[in-house]
Amino acid sequence: MRAFLCLFAVFVLVACSDKEDKITLFEKGIRALSYEAYDVAVNYFERSCYAGFAKSCEQAARLYQEGMGIKIDHERALELLIEGCENDARTCLLVAQYDSPQLSKQQAQKLYEEYTDKACRMGQISACEELALQNSGRKATSYLRFACKNANAHCDGAKFYAFAGAFYFHQDERERAIPFLDKACKEKDKTSCHILGLALSEKNELDSAFAHFERACALGKLESCKAMLADIYNIAPNVARQTRERLCKLGDSKECLQLAKELTNEKRGKSQSESFYRKAIDSCADQDECDQIKEEWQEFKRPSPQKQKENSEQKPRIHESRI
């Protein structure tokens, strides 16, 4: 047992020293570069690279690729990047994008597909998204699932549909976005309903767009409630009032104030109007806006000149005998 523990301790020490060695070698390579000792630098970088330090692989490959103080060698540069790719997804992308005059078009394409795929599977979200755009059908969906998983471990069902729909929408791939957004919206994802409304508006499918804005608004998406009030929809006054009330409830002080003003001019609307003034003050964004709302509220509470006259006329006169 004692012998086993000693052996284990030696293994740990060696592992730690290896880790230190590859970083130390990298630092020595950087120092050699500062003295323009390129052949010495590339030697340190290569040793560090094969010890498992991807940064060193990149540095050595750059020297070979650009011919900095050493002979240009694209084959060697590519070998070093492939070595670095074993431990680092970002280095895999450098392999995928490597531009070498020695590679045919077919070879370059094969290299791109193989190593972009590898980068994606190792957790590089941008690689997954790139492949999702370049492929279609199940293959594209598969890469999007990798991207979604890399971005968020809990990415199933509606969350995945929302992710995929938003991704394609923001990449100006509207037709590819709509089916995913529709599925997520049906699962009550309010942001997907809103984005779907935007996509359908762009297609001039206004009735369908409005229906999705309405659904998102009911789920609590403030931007969708605002979209419903756009002139192009020409909604009924009672629907507009309900939408403004919902916006006010969601914290839009301007809509609360608008409702307060509308109710001021309606019969028996004073108590409701005062309630909306209070809500506007509770949700105002800054001090200037709050002060303006308070001023308008005070003006609302102040009796009109006609009302003041009526009140003065109703006051009981003091009888002369009491003077």
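Tutor: Let's start with the charges: one sits over a ring if NZ of Lys or CZ of Arg is within 6 Å of the ring centre and within 35 degrees of the ring normal. Arg-145 does this with Phe-160, lying over the face of the ring at 4.0 Å from its centre. Likewise, Arg-174 has its charged end over the ring of Phe-169, 3.9 Å from the centre.

A word on the basis: this is a predicted model, where local features need pLDDT of at least 70, side-chain atom pairs count only at pLDDT 80 or more, and totals for chains, interfaces and linings use all residues. Residues are numbered from 1 along each chain as its sequence is written, and side-chain values use heavy atoms, with hydrogens and water left out.

Now the ring pairs. Rings of Phe, Tyr and Trp (its six-membered ring) pair if their centres lie within 6.5 Å; planes under 30 degrees apart are stacked, over 60 edge-to-face, and the rest tilted. That rule gives eight aromatic pairs. Take Phe-167 and Tyr-168: their ring centres are 5.3 Å apart and the planes meet at 55 degrees, so this pair is tilted.
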